[in-house]
Amino acid sequence: MALFAGLCTIFGCNAKGFVSVDAEKFARRIAESGVQLVDVRTAEEYAEGHIPNAVNIDVSSPDFVEKVSALDKKRTVALYCRSGRRSKRAAEQVVNLGFEVVELDGGIISWQGELQR
């Protein structure tokens, strides 16, 4: 438990069980092998520009849990939205499904990297 508390101090865990990181740390995490990158915005927002290799699973859609459940539970899920509000809500749900989750604090508006359209 002490190790978890120490890691949370360093990496920004919260009581909900996922890690929120800034854009620089998020970029490093999604560059790791096996990370599943998920954009939880609407299809329209996704089409306007998204982080390369992201799949779109809208957190507001009725089949969100079903679609996320199809992901590989052995691999980390990296989530983002526009500002970070929806991705935090999504992260809580995804953690409850048994996934390890990292979330982009500040959303795509804080992202400094490339976008794909």
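I began with the contacts of E103. Leaving aside neighbours within four places in sequence, E103 touches F18, V19, S20, V21, F26, L79, G84, S87 and K88. The model I am reading is predicted.

**E103.** I looked up where this residue sits. E103 belongs to strand 5, residues 101-104. Its relative accessibility is 0%, so I noted E103 as buried. I then checked its side chain for a partner.

**Aromatic pairs.** I searched the whole structure and got two aromatic pairs. In one of them, the ring centres of F26 and Y80 are 6.4 Å apart and the planes stand at 80 degrees, so I logged the pair as edge-to-face. F26 is in helix 2 (residues 23-30) and Y80 is in strand 4 (residues 77-80), 54 residues apart. I found F26 buried at 0% relative accessible area. Y80 is buried too, at 0% relative accessibility.

F26 also pairs with W111: the ring centres are 6.2 Å apart and the planes are at 90 degrees, so this is edge-to-face. W111 lies in the segment after strand 5, so its pair with F26 ties together parts 85 residues apart in sequence. I read 13% relative accessible area for W111, which counts as buried. I recorded F26, Y80 and W111 as one aromatic cluster.

**N53.** Last, I checked a backbone angle. N53 is not a glycine, yet its phi is positive, about 75 degrees. Most residues other than glycine have a negative phi. I placed N53 in the loop between helix 3 (43-48) and strand 3 (55-56). N53 counts as exposed, because its relative accessibility is 71%.

Methods
Residues numbered from 1 in each chain as written. Predicted model: local features only at pLDDT ≥ 70, side-chain atom pairs only at ≥ 80, totals over all residues. Heavy atoms only, no water. Helix = DSSP H or I, 4+ residues; strand = E, 2+ residues; numbered from the N terminus. Buried < 20%, exposed > 50% of the residue type's maximum accessible area, 1.4 Å probe, protein only. Contact = heavy atoms within 4.5 Å. Phe/Tyr/Trp six-rings, centres within 6.5 Å; stacked < 30°, edge-to-face > 60°.
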